[in-house]
Amino acid sequence: MSRLKRQPPWSRQIGRVLLALVAISFLVLFLLLPLAVVFVEALRQGLHVYLSSIGQHEALAAIRLTLLVAAISVPLNVVFGVAAAWLMARFEFRGKALLGAFIDLPFSVSPVISGLVYVLLFGAQGWFGSWLGAHDIKIIFAVPGLVLATIFITLPFVARELIPLMQSQGSDEEEAARVLGAGGWQMFFRVTLPNIRWALLYGVLLCNARAMGEFGAVSVVSGHIRGLTTTMPLEVEMRYNEYDYVGAFAIATLLALLALLTLAIKTLLEWRYSDEIAAHAPGGH
Amino acid sequence: MRRRILPGFGLSLGYALAYLGLIVLLPLAALAWKASGIGIGGMLHLLSSPRTLAALRLSFAGAMLAAVINAGFGLLVAWVLVRYRFPGRRLFDALVDLPFALPTAVAGIALTALYAPNGWLGRWLTSWGIQIAYAPPGVILAMVFVGFPFVVRTLQPVLASLDRDVEEAAESLGASHLQTFFRVILPVLVPTLLTGFALALARAVGEYGSVIFIAGNIPMRSEIAPLLIVEKLEEFDYAGAAALGMVMLLASFILLILISRLQRWSGRWAEQLQ
């Protein structure tokens with residue numbers, strides 16, 4: 001009867017090879033080619049032009065600003081992520097589901113809206129605008145605005161990485177430490193932290209990549225003041241809009257290298273410590 | 001019981017609430033407050049503007065289409081990565097996350113360099129009469145790019161844990177491969193596929209950086225809603241920007257709630273099949 005319908009093995013093999021070829025061509029065309037184009041376009045006029053383009057004063061200022069913004073926002077979100085994960089994975093309380101939803105909220109908000117909300121708070125016409133103006137404090141179109149928008153965008157990364165892991169690990173070891181007389185911080189540094197270190201590193205890695213690469217949110221609060229409030233992604237945009245394509249792609253290569261480095265470390269962590277990282281939920285970026 | 005043994009409940013709760021309050025809730029409250037400032041009349045005026053409607057339609061319909069494309073290709077790529085063994089598989093697997101790691105501005109200018117009329121691929125496509133950059137297809141292409149990893153990454157663990165006995169049973173009972181796929185495998189995957197779809201959709205609706213370079217931003221044609229918010233801000237129309245932002249937020253939440261409904265329903269359906 002229907003057994004006759006079974007395909008012979010050779011057609012099955014051809015089917016598999018075709019399917020794999022379609023998938024691989026999609027990955028190459030869709031992911032590898034855009035990556036390649038960045039480097040080729042940057043080096044179009046030779047290595048010398050490329051290097052001098054990166055060495056320009058505004059480029060160096062943008063690199064410094066990007067590092068500064070990440071150096072402030074990532075540690076703040078690490079502290080929050082650990083505290084939130086401790087709370088969510090170790091205690092039951094009313095409103096827990098709601099709190100979890102609020103932690104994830106920045107992932108489902110458009111980056112432009114993430115910047116906009118701070119303009120509405122601290123901009124000239126915002127809630128605190130006149131007070132800030134009277135006291136000569138600048139948040140919007142200045143570095144604090146860039147930091148705030150970046151914190152908002154990258155807030156969920158560490159918490160999201162830690163919560164499922166700590167939930168699956170359970171609290172037996174921590175309870176044992178407490179019963180044996182460890183103080184709260186002693187338990188945290190000797191038991192909790194070593195148990196979550198690789199997941200924490202993983203979260204920091206993703207958080208940092210997003211913090212350095214964020215464009216939409218910082219573009220709204222930046223004001224695009226060259227050398228003062230332009231991070232690397234914003235410098236890419238400004239150069240591109242000024243038709244300095246080689247210059248735009250030159251900065252873009254640095255960001256692409258950061259992305260490749262992030263992917264390499266991430267993959268390494270997944271291979272070596274997959275048990276200690278937990279099932280990685282794809283971080284919405 | 002745990003609460004008594006483990007310390008830090010009050011500290012972590014207080015800290016998390018204060019941090020979330022300052023960073024997320026207070027700013028969003030400012031958005032809602034500023035948006036309500038324009039009143040019902042102002043909202044109707046905003047929503048009846050053809051340019052606003054065109055931008056919202058492009059952002060939402062484009063994101064839907066991009067998420068559908070991602071569901072298809074994501075399923076294919078996840079299937080090949082999980083089921084087949086070929087040289088370079090792990091490299092390709094790691095590469096799937098590239099759109100997560102690559103800053104959106106970089107993705108934007110790279111895609112534009114590829115698909116612009118004088119670009120690497122664009123010059124061929126133009127000679128066949130296909131325009132991608134500076135037109136709606138460019139917007140959708142960028143949306144597919146940023147949403148691509150979501151479907152693959154949500155599907156992979158589920159595909160890896162599928163019980164192959166069921167497939168073998170189906171085939172030994174005479175089902176063809178296509179029948180096995182559509183009747184046995186796909187129904188189980190639908191809830192997960194919807195999760196990936198929802199994530200890719202949410203990402204694409206709000207996407208800005210990778211889209212604005214390739215879109216060309218022609219009003220009524222290839223202008224996305226987030227860009228319209230930025231333009232309103234640049235004209236110091238704070239209330240209009242806030243209102244449009246609020247509309248986008250509410251619309252995406254409604255969409256995500258509908259998808260999670262659909263997901264629950266398809267989950268029950270998948271259980272019934274087994």
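This is a predicted model: local features need pLDDT of at least 70, side-chain atom pairs count only at pLDDT 80 or more; totals for chains, interfaces and linings use all residues.
1. Residues are numbered from 1 along each chain as its sequence is written, and chains are lettered from A in the order in which they are written. Local features need pLDDT of at least 70, side-chain atom pairs count only at pLDDT 80 or more, and totals for chains, interfaces and linings use all residues, while side-chain values use heavy atoms, without hydrogens and water.

2. The size of an interface is often given as the accessible area lost when the parts come together. Between chain A and chain B the buried area (accessible area, 1.4 Å probe, that two parts lose on being put together, summed over both) is about 8600 Å². Carbon and sulfur atoms give 78% of this area. On the side of chain A, the residues that lose the most area to chain B are A:F30, A:L31 and A:W127, together 8% of what that side buries.

3. One salt bridge (a side-chain nitrogen of Lys or Arg within 4 Å of a carboxyl oxygen of Asp or Glu) is found across the interface of chain A and chain B. A:K266 and B:D97 meet in a salt bridge through their side chains, at 2.3 Å from N to O.

4. Over all chains, the whole structure holds 16 salt bridges. In one within chain A, the closest N and O atoms of A:R90 and A:E174 are 2.6 Å apart. This pair links distant parts of the chain, with A:R90 in helix α3 (residues 57–90) and A:E174 in helix α9 (residues 172–179), 84 residues apart. Helices here are DSSP runs (H or I, at least four residues), numbered from the N terminus.

5. The second largest pocket has a volume of about 760 Å³. A pocket is an open set of points on a 1 Å grid over the protein atoms alone, where a 1.4 Å probe fits, with protein on both sides within 12 Å along at least five of seven lines; lining residues have an atom within 4 Å of a point. Its lining comprises 23 residues, with A:L19, B:W79, B:Y84, B:H177 and B:F181 nearest the centre.

6. Both chains supply this lining: α1 (9–42) of chain A, and α4 (50–83), α10 (164–172) and α11 (177–206) of chain B, each give at least two residues. The most come from α1(A), with six residues.

Methods:
Grid points are joined across faces, edges and corners, and a volume is the space filled by probe spheres set on the points.
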